[in-house]
Every structure is written in structure tokens, then in C-alpha cells.
Amino acid sequence: MANKIKIPVAEPDLSGKEAEYVLDAIENERRISSSGKYIERFENFGKKFFKKEYVVSCSNGTAALHLALQSSGVGTGDEVIVPVFTFASVAASVLHCHAKPVFVDVNSENWNLNIEELDKKITHKTKAMIAVDSYGMPCDYDFLVPWCKKNKLFLIEDAAEAHGARYRSRPVGNFGDISCFSFYGNKIITTGEGGMCLTDNELLYQKMMIFKNHGRCARGVYDHEVAGCNYRLTNVQAAIGCAQFERFEEFLTKRQKLSGWYRQFLAGAPITFQSYDENEMTPVCWLFSILVKGDLQKLSEQLASHGIETRLLFKPLHKQKPFQIFAKNQSFPNADYIYEHGLSLPSSVKLTEKQVKFICENIKRILTNE
Ligand SMILES: *Cc1c(COP(=O)(O)O)cnc(C)c1O
């Protein structure tokens, strides 16, 4: 087995006011369930940074997707367009609504929905699209927003991996009819576990508020409008999130540096990166990931022997047991290629330039010795 990992793929930085706020919630405010000042503050941070009118905090990013689909009226027999190369819960949330995921291959350059494939995927049953800002890269919203409007689809934006990324100066999370965020431990802002939906539509907002609270008409009342779920975030989690949001700009600056260091120190190596048009997009470095022509297994094992953790990219959904029946007789060559050649490198904001240099030197040495 490899040496102990010294540089993990992801690690949150909790060195701000996280502990202070958590203690305050417990000892002073004495609110640890789903009401309290930190929930309110946390939601206000969401509105401020992602620039939407209404915000619904929730228990995780998958719950956010379920809330978004459910309140959009997605149900039995409906079809929802999703990228085939993404985290499994994007497609699972569609199944939770008894609808059918329709997979679309990704673009080999930016790893997001391949817009050229979209027209082929529309049927009279298509109700919504989930656009994922994959690995911190904004989707092409100049295309997607009018395309969804023209085809009368709800646009659900899954910005779980892209907090703080921008498309034509607008923050991601600002484009969808509903946008969804995850605050899991490896995301750019974390609450440990947590999520958020944002919208400008008051009706969708109200539906989400009801559904996330057991389908109740109001808090503390045993009158239920629908069979909902319990998707509430706690005040303790929100307290962590407030401390994180206070350092959002600092985190983004650091992540910009990280990606700059990786690109600089890996220059000349037989490696490619996610690419994009700099005039349109400001991605955020989530898990900095590379495509390598050589032997991935060997590269990751050898890096591990130097204490450097890496991770394979998302296994495309058409290759996974719960979803393959929705992809019969279809092929997704770009997703396959990215999966077969991709590796995520350590991407914590705690990394130093020296550590990134050490990682890159090891990568270059291993690849040239092949
Ligand atoms: C992390 C992630 C999710 C799931 O979020 P959880 O908080 O873990 O439920 C959903 N979509 C994408 C694109 C993600 O990366």
C-alpha cells in the first residue's frame, strides 16, 4: 500500500470564525435546529453573492436538485436533459421525481453540455434541463438560456462545483430558473453538509419552502399541503457557512492562484486542461484536473507513494448501474475520453506554492520516465 497521504485532494479551510460561530449558536443563541440567526445570515450571503431574489437553504446539494425539480413540476413520464459526465446525484434526483434522465455528451474542451447535441434530445416530454458548471467551468449561458426559453424548459443550474465562477461577469447561480448549490466538505464554500436553491420566481420559492419542510403550509403547523421531505439546514451548519462566506473573496483569489501555479508548473508536460474563452468565462478552480495521455493508474499510484492523493474524474453515468438503461444504444465518446484520461489533483486553498511545485515536479518526472 502507498505511503500515508500528506497532500489530500480536498480539505476545507476552517480557520476563520467557524468554531466561534458554532459555539455562539450552541451556547448563546441556543438554536441548533433549523431556525436561528445564522440560517438567515447564510441565506443573505447566498442572495448577495449569487444575485437572486429568493433563497432556500437545504440539507445538501442533492436535496437542492430534488427541490428544484419537484417545484418545477417535473414528474412521472417527464424527461430531463442532463450531462452524462457529472456527479451521479444529478441523474438520481431526476429519478427521485419519477422522471427520466436524457443524457447528453459533454464538450471535449470545457467538459460541459455539448450544445450541438441538444436539439437531437428534445421530445414532447422534455420538461427541464439541469446544466452543471462542471469542475468550476461555467456553461455557455448565452446559448442555454434562450434555448431553454424557446423550448419551454425549466433551466435548473447546478453550480455545486462552481461557487464564484462567472459568465460574462455574472455569477453562476444567476442564470437558471432555479439554481442549486452544494456545500459538502470538498466544495468551495462548505457547511459540512448543506445546500441552497435560488430563484427570482416567488411561486417556485414558496413551493420549495413547503416541500423542504414536510410539505407543511407553515412552520409548526400540522397542516400538510403535499407529501414533502425534510430538507432543512441546521443553524449549526449555517454558522459554519457564514464564516466561510466571510472569506469567499479570499478563497476565490487563492483558487485562482492555485490554477495559475498548476498551469505554470505543468507547462511542457504531455497534459491538457479544461479550456475556455477568457473573454466569456471566469472559471473557479474546484478540483484542478488534468487529462493525461499516459498510464493513469501508474501516475496516481506513484504520486500516492509520495504522499500525493489524486482522484479519478466522474465515471460517466451511462456506464453506471442505476442509469445505463436510460442510455441504451447510445455512445458518449467525449465523456468516455475525459474519464479515461482525467485525474484530479490536490486543490485545497491551504496548499502552498511550494507544495504545488512539488506535485507538478513529481507528475513531470513520472510521465517522462514512462
Ligand atoms: C457535489 C455535487 C452534488 C451533490 O451535492 P451533495 O451536497 O453531496 O448532495 C450535486 N451536483 C454536483 C454537480 C456536485 O458536484
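Visitor: What does the side chain of Lys 187 do around the ligand, and how many Å is an N or O atom in it from an oxygen atom of the ligand?
Guide: That distance is 3.2 Å, and it's a polar contact, meaning a pair of N or O atoms within 3.5 Å (within protein, one must be able to donate a hydrogen and the other to accept it, and residues adjacent in sequence count only if both atoms are side-chain atoms). The model is predicted, so local features need pLDDT of at least 70 and side-chain atom pairs pLDDT 80 or more, while totals for chains, interfaces and linings use all residues. Residues are numbered from 1 along each chain as its sequence is written, and side-chain values use heavy atoms, with hydrogens and water left out.

Visitor: Which polar side-chain atoms lie by an oxygen atom of the ligand?
Guide: One from Glu 161 lies 2.6 Å from a ligand oxygen, and one from Ser 182 lies 2.7 Å from a ligand oxygen.

Visitor: Which residues around the ligand come nearest?
Guide: There are 14 around it, and Thr 62, Asp 158, Glu 161, Ser 182 and Lys 187 come nearest. A residue is near if one of its heavy atoms lies within 4 Å of the molecule or strand.

Visitor: How do the residues of that shell divide?
Guide: Into 4 nonpolar, 7 polar and 3 charged. Ala, Val, Leu, Ile, Met, Phe, Trp, Tyr, Cys and Pro count as nonpolar, Asp, Glu, Lys and Arg as charged, and the others, Gly among them, as polar.

Visitor: Which helices each supply at least two residues of the shell?
Guide: Helix 3 (61-71) and helix 4 (88-96). Helices (H or I, at least four residues) and strands (E, at least two) are DSSP runs, numbered from the N terminus.

Visitor: Which pocket is the space taken by the ligand?
Guide: The second largest pocket, with a volume of about 400 Å³. A pocket is an open set of points on a 1 Å grid over the protein atoms alone, with protein on both sides within 12 Å along at least five of seven lines; a cavity is a set where a 1.4 Å probe fits but cannot get out, and lining residues have an atom within 4 Å of a point.

Visitor: What lines the second largest pocket?
Guide: It has 27 lining residues, with Phe 87, Tyr 184, Asn 186, Lys 187 and Phe 314 nearest its centre. Helix 3 gives the largest share, 3 residues.

Visitor: Changing topic, what is the volume of the largest pocket?
Guide: About 510 Å³. A volume is the space filled by probe spheres set on the grid points, which are joined across faces, edges and corners. Helix 9 gives the most to this pocket's lining, 8 residues.

Visitor: How many cavities of 30 Å³ or more does a search of the whole structure find?
Guide: It finds 1. The largest cavity has 15 lining residues, and Lys 187 is among the closest to its centre.

Technical notes:
A molecule sits in a cavity or pocket if more than half of its atoms lie within 2 Å of its grid points.
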